[in-house]
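Keep the sequence and the 3D view side by side.

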Amino acid sequence: MLGSRAVASLTSPHSIDHFLEQLHPMLTVNHVRARVVEVVRETAHATTVLLRPNGAWRGFVPGQHVQFGVEVDGTRKIRCFSVSSSRTRRDGLFAVSVKAHPDGYVSQFLHNELRPKTLVYLSQAEGDFVLPDPVPDFLLLISGGSGITPLMSMLRTFRDTGHSGRVVFLHYARSRADEMFTDELDQIASSGPSTRVLRVYTREPAAGAELVGRFDAGHLEYLGIDPARTPTYVCGPAGLIATVNDLYDKLGATEQLRTEYFKVPAIDLDAADATGTLTFEKSATVVDNSGATILEQAETAGLTPEFGCRMGVCNTCAIRKNHGAVRHVVSGEVSANTDETIKICVNVPVGDVNVAL
């Protein structure tokens, strides 16, 4: 009833949630809120946050992420984090797991300062890095570093639902000490023949390790995997995803591959398209195109555009590009349409560009 059009018309121009939150911050119809139940240190640099969402939460599919907001000193900061828990928890809780990056304000706050009972602001679960229904009989999951989090949600759900298909999970970490979920991965690895777990420590290889070094074709050959016949899900740093992409493309297996970055690839600031000028029309500001993302160039110019994830996921930074061409830093696709909406955190100008900022 509170979500009806009749109530919305009575509370206009505000939403019903605007008034309900005055009574209690968790009492909302549309806005997802959650209380922190527990903060678990996974490693020296990674943390799992267990959350109890309010009734507006619609749940998630393993592989999805949420926009996670915290308020610090009166300012709300939002970033995107993958759900890491099993979909089948019966207590109504779910978890996100985060590695604290040196330049990550929110991830550092989660790791060092977040405490139980803290109120956090969430979106509904988002993203299409999810498994098909029904799940294929044989799957390959590949992760690197903190890219393990969405795949851990899949593994835990497989375990808790008694999934009978074969799953090979191949994870790359710098060392065992740097690896998240180590004890649980040990348990899953020994749980039965249907799930095979291999971890490759690239800097401190384990004694007698089956595989060493970084991902290459030899690792798949050792596992007896034919990429052209195996649905493959990969999440991790840009280097790992680029290597897997190149191999699958060479083998004609790209249709089997689904990828998700946990961090936008580094940009070549000496790229040939770093020419011309970038015009921020509304603020009457013109700068020489440095080759960085439009968001970064705006910040360098002293502007303060809204942003959230800085990964091209949350749409917070989406604005209108009036004219000019831009290159997407993940896909490499160049778009030169007039009056189109772009995400300025993942697009760089190619020559002269004008945006409504």
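**Charged pairs and a covered strand**

Glu 184 has a relative accessibility of 18% and counts as buried (buried is under 20% relative accessible area, exposed is over 50%, partly exposed is in between, with a 1.4 Å probe and protein chains only). This is a predicted model: local features need pLDDT of at least 70, side-chain atom pairs count only at pLDDT 80 or more, and totals for chains, interfaces and linings use all residues. Residues are numbered from 1 along each chain as its sequence is written, and side-chain values use heavy atoms, with hydrogens and water left out.

Glu 184 has a charged partner. Arg 159 forms a salt bridge with Glu 184, and their closest N and O atoms are 2.6 Å apart (a salt bridge is a side-chain nitrogen of Lys or Arg within 4 Å of a carboxyl oxygen of Asp or Glu). This pair links distant parts of the chain: Arg 159 sits in helix H4 (residues 148-161) and Glu 184 in helix H5 (residues 182-189), 25 residues apart (helices are DSSP runs of H or I with at least four residues, strands are runs of E with at least two, and both are numbered from the N terminus). Arg 159 is partly exposed, at 41% relative accessible area. A network of salt bridges links Arg 156, Arg 159, Asp 160 and Glu 184.

Now follow H4 to its flanking strands. Strand S7 (residues 138-144) is mostly covered, with six of its seven residues buried. The chain runs from S7 through H4 to S8 in a right-handed β-α-β crossover (right-handed means that, with the strands pointing away from the viewer, the path from the first strand over the helix to the second runs clockwise). S7 and S8 (residues 166-173) pair in the parallel sense over seven bridges (two strands pair if DSSP finds at least two bridges between them). Ser 143 has His 171 in S8 as its bridge partner. S7 also pairs with S10 (residues 232-236), in the parallel sense over four bridges. There, Leu 141 stands opposite Tyr 233.

Which residue does Lys 321 bridge to? Its partner is Glu 340, with the closest N and O atoms 3.0 Å apart. Lys 321 lies in strand S14 and Glu 340 in strand S16, so the pair ties together parts 19 residues apart in sequence. Lys 321 is buried, at 0% relative accessibility. Glu 340 is buried too, at 15%.

Asp 339 and Arg 320 form another salt bridge, with closest N and O atoms 3.7 Å apart. Asp 339 is exposed, at 51% relative accessible area. Arg 320 is partly exposed, at 38%. The salt-bridge count comes to 13.
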